[in-house]
Amino acid sequence: MSQKPTELVLPQLYDKQAEIASCPARFRVVATGRQVGKSIFDAEVLVVEMLNYGHACWLIAPDYKRTSYVLNYLITFLHDVPTVRYYKKEMRFICDNGGYIQLSSADDPTSLK
């Protein structure tokens, strides 16, 4: 008997977030202020790319503190998804479809090699 897929419900994007998300560019650079929803937006985009398309996704933040903001959202969004495994030490989520999310900080640029 096949298992019913888990329905993942993500928060609704704000208008500007939706505008950025709909941009077809491979890289998107956005200049914003504080508390405009960057972390939750990043988490949502990473989840969609990994689950729907099986993409390899990286998020590189300036330091661990900023990485942890997105990490907390990812843990919340993905904790009940049976096809996703979380590896705490590596800060990596791996999906059965081959996609993954890797979180890293740029505190030590040599660690990004």
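Partly exposed here refers to a relative accessible area between the buried limit, under 20%, and the exposed limit, over 50%. The model on screen is predicted.

**Stop 1: the sheet**

Select strands E1 to E4. They make an open sheet of four strands with mixed pairing, in the order E1-E4-E3-E2. Strand E1 (56-61) and E2 are the edge strands; each has a single partner strand, so one side of each has no neighbour in the sheet. From one strand to the next, the twist averages 15°.

**Stop 2: E1 against E4**

Keep E1 and E4 and hide the other strands. This pair runs parallel and is joined by six bridges.

**Stop 3**

**Stop 4**

Select E3 and show its side chains. Which residues of E3 are on the covered face, and which on the uncovered one? Phe93 and Cys95 form the covered face, while Arg92 and Ile94 form the uncovered one.

E2 and E3 are antiparallel, with four bridges between them. Cys95, on the covered face of E3, is the bridge partner of Val84. The two strands form a hairpin with four residues between them, and Met91 takes a positive phi near 50° in this hairpin.

Arg92, on the uncovered face of E3, stands opposite Gln102 in E4. E3 and E4 likewise make a hairpin with four residues between them. Select Gly98 in its turn, where phi is positive at about 100°.

**Stop 3: the salt bridges**

Side chains of opposite charge can pair when their charged atoms come close. How many salt bridges does the model contain? The count is three.

Stay at the sheet and select Arg85 and Asp96. The closest N and O atoms of this salt bridge are 2.7 Å apart. Arg85 belongs to strand E2 (residues 84-87) and Asp96 to the loop between strand E3 (92-95) and strand E4 (100-105), so the pair ties together parts 11 residues apart in sequence. Arg85 is partly exposed, at 36% relative accessible area, whereas Asp96 is exposed, at 53%.

Next, select Asp63 and Arg66. Their side chains meet in a salt bridge with an N to O distance of 3.1 Å. Arg66 lies between the 20% and 50% limits, at 40% relative accessibility, and therefore counts as partly exposed.

Colour the pair by accessibility: is Lys16 buried or exposed? Lys16 is exposed, with a relative accessible area of 59%. Glu19 has a relative accessible area of 49% and is partly exposed.

Definitions and conventions: Residues are numbered from 1 along each chain as its sequence is written. This is a predicted model: local features need pLDDT of at least 70, side-chain atom pairs count only at pLDDT 80 or more; totals for chains, interfaces and linings use all residues. Side-chain values use heavy atoms; hydrogens and water are left out. A salt bridge is a side-chain nitrogen of Lys or Arg within 4 Å of a carboxyl oxygen of Asp or Glu. Buried means under 20% relative accessible area, exposed over 50%, partly exposed in between (1.4 Å probe, protein chains only). Two strands pair if DSSP finds at least two bridges between them. Axes are lines fitted to C-alpha atoms, for helices over the stretch in contact, and angles run from 0 to 180 degrees between N-to-C directions.
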